[in-house]
Amino acid sequence: MSLNKSAFEKRVKRRITARSQQFFAVCTPGLTRLCKKEIENLPSPLESIEVIPGGVLFSGLIQSAYEANLMLRSPSRILMRVGQFKAENFRSLKKKLGQIEWELYLKKGAAVNVEVTTKHSRLYHTEAIAQRTQQIIAGHFDRLNPSEYLRAEPSPLISSPSTAHAAAEEVYSDMGFGQTVMIRAEDDLFEISLDSSGALLHKRGIKSHMGRAPLRETLAFAVLQATGYTGEIPLVDGMCGSGSFALEAAMIACNIPPGYYRSFAFETWPSFRSPQWQHMKKKASQQITDYDTPQIHAMDLSGDMVAHLDETVRLLNFSSAMTVQQQDFFEFQPQSILPSRSVQKKPNGSHHPRGIVVLNPPYGIRLGDKSDIHALYNEIGRKLASDFKGWRAGIILPEKSLLDLLPTPKNLIPLFHGGLDLYGGIFEF
């Protein structure tokens with residue numbers, strides 16, 4: 001660490017923490033409007049919230065990035081803009097990159113990964129752009145005096161209830177020394193950003209085991225949001241697998257921020273202030289609630305998946321909010337978890353659902369024989385119509401043709417997951 005840290009800190013405060021910065025919340029297709037709504041509800045005052053292709057732009061002080069990573073459930077990552085310029089050749093690119101004050105954003109010795117995308121630009125060779133950027137950043141620090149930067153230091157991983165297990169989700173692999181610079185070039189206009197998140201934000205840091213092709217938590221949240229789930233009525237995750245739906249629902253029900261159990265890349269930035277971050281997390285912890293009777297019921301045929309999910313629930317102290325059991329959804333009777341009451345009407349004449357059922361049926365590599373998919377969804381439609389009258393359902397659909405086997409959806413959300421175009425169908429039975 002620099003011997004003249006106080007002078008450097010004043011410079012960081014003047015140029016970074018005291019100024020409004022521009023951020024970009026990266027979203028998968030179909031989630032940008034939801035993300036904008038989430039950003040508008042962040043505690044800190046923000047400016048210029050705008051949906052653009054690929055995500056949502058917004059401006060605010062640096063703590064806005066802390067809040068976005070901690071509290072937003074829909075984006076994939078949060079970027080901070082560090083530069084924008086025109087460059088038509090490598091000479092111009094190197095000059096403009098060299099003018100960025102990298103010491104204000106990175107520590108010397110940090111392993112810098114550079115990700116580049118180009119479109120309609122004279123400079124289109126992404127690997128060459130990445131290599132030159134890494135060289136320029138390294139050379140920039142070499143020209144500075146030790147008093148003009150902070151040096152990267154290995155820091156211990158921040159533990160969570162699940163990190164004590166070797167199978168825990170590896171959300172910390174992008175921490176320590178690593179930082180990612182994102183470069184996007186379109187029509188010779190270069191946008192340079194620094195990834196504040198590290199591991200993608202769908203990794204909440206709570207799963208102790210991953211199933212085959214698990215649903216990302218960002219997509220699970222989008223479907224839960226579309227069903228109107230708030231944690232106040234029963235929810236059944238009928239084919240839970242590794243528990244994306246059920247765990248996300250538990251975090252919503254207990255008012256636990258999605259980033260509460262993990263670490264972020266911004267925690268190693270020169271501008272990072274640990275007391276401010278710890279105060280933010282402490283304030284969030286005071287809002288966490290508990291349940292007297294579990295309202296979330298997860299089930300699966302796989303004993304192994306149920307055992308792993310049950311262990312996660314126990315480690316996270318989610319047992320007051322949810323139960324996990326090995327059971328065939330098609331044999332489950334929802335009356336066993338419902339109080340004896342009729343469906344109540346809202347003032348506008350619509351109905352409060354008796355409960356919500358969410359399903360991520362096996363498809364693709366999880367189903368094996370593709371010819372079975374129509375039979376499976378046909379059986380799902382019959383089960384819901386027969387036993388879940390008065391319920392609302394959120395169902396993952398790998399293809400639109402499956403809608404022929406289900407009622408007309410109230411809403412159909414386009415989703416993109418693992419290279420597949422999926423849909424989240426919202427139904428009432």
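Six of the eight residues of strand β6 (residues 179-186) are buried, so the strand is largely enclosed by the rest of the structure. Buried here means under 20% relative accessible area, exposed over 50%, and partly exposed in between, for a 1.4 Å probe and protein chains only. Strands (E, at least two residues) and helices (H or I, at least four) are DSSP runs numbered from the N terminus. The model is a predicted one, in which local features need pLDDT of at least 70 and side-chain atom pairs count only at pLDDT 80 or more, while totals for chains, interfaces and linings use all residues. Residues are numbered from 1 along each chain as its sequence is written, and side-chain values use heavy atoms, with hydrogens and water left out.

Strand β6 has pairing partners in β5 and β7. Two strands are taken to pair if DSSP finds at least two bridges between them. With β5 (residues 112-119), the pairing of β6 is parallel and extends over eight bridges; within it, Val-116 has Ile-183 of β6 as its bridge partner. With β7 (residues 189-195), β6 runs antiparallel, and six bridges join the two. Glu-186 stands opposite Leu-189 of β7. The hairpin of β6 and β7 has two residues between the strands, and Asp-187 takes a positive phi near 55 degrees there. Strands of a sheet pair through backbone hydrogen bonds, in either the parallel or the antiparallel sense.

The protein as a whole contains 10 helices and 14 strands. Of its 429 residues, 52% are buried. Contact means heavy atoms within 4.5 Å. Among contacts between residues at least 6 apart in sequence, 78% join residues at least 24 apart. The predictor's confidence in each residue is given by pLDDT, on a scale from 0 to 100. Its mean over the protein is 89, and 87% of the residues reach 70 or more. Over residues 156-176, however, the pLDDT is below 50, and this stretch has 46 contacts in the model beyond near neighbours in sequence. Where pLDDT is low, the predicted coordinates should not be read in detail.

A further sheet is open and consists of seven strands in the order β10-β9-β8-β11-β12-β14-β13, with mixed pairing. Strands β10 (322-326) and β13 (411-417) stand at its edges with a single partner strand each, so one side of each is left without a neighbour in the sheet. Direction ignored, neighbouring strands of this sheet are turned by 15 degrees against each other on average. Within the sheet, β8 (residues 235-237) and β9 (residues 296-300) run parallel and are joined by three bridges; the bridge partner of Val-236 is His-297 in β9.

Two helices may be followed against this sheet. Axes are lines fitted to C-alpha atoms, for helices over the stretch in contact, and angles run from 0 to 180 degrees between N-to-C directions. Helix α9 (residues 303-315) lies across β9 and β10 and runs at about 160 degrees to β10. Helix α10 (residues 373-387) packs on the sheet where it touches β11 (356-359) and β12 (392-397), and its direction makes about 175 degrees with that of β12.

Helix α6 (residues 217-227) includes Leu-224, and Gln-225 also has its place in α6. Leu-224 is buried, with a relative accessible area of 0%, whereas Gln-225 is partly exposed, at 34%. Neighbours within four places in sequence aside, Leu-224 is in contact with Tyr-229, Leu-235, Phe-245, Glu-248, Ala-249, Ile-252 and Val-358. The C-alpha atoms of Leu-224 and Ala-393 are separated by 9.4 Å, although these residues are 169 apart along the chain. For Gln-225, with such sequence neighbours likewise left aside, the contacts are Leu-34 and Lys-37.

Helix-to-helix packing remains to be described. Helices α4 (residues 90-98) and α5 (residues 126-142) pack at an angle of about 40 degrees, with their axes 10 Å apart. They are therefore oblique to each other; angles under 35 degrees count as roughly parallel, over 145 as roughly antiparallel, 65 to 115 as roughly perpendicular, and the rest as oblique. On the α4 side the contact includes Phe-90 and Leu-93, and on the α5 side Ala-128 and Ile-129. Helices α3 (residues 63-71) and α8 (residues 274-285) pack at an angle of about 40 degrees, with their axes 11 Å apart. In this pair, Gln-63, Tyr-66, Glu-67 and Leu-70 of α3 meet Gln-276, Trp-277, Met-280 and Ala-284 of α8.
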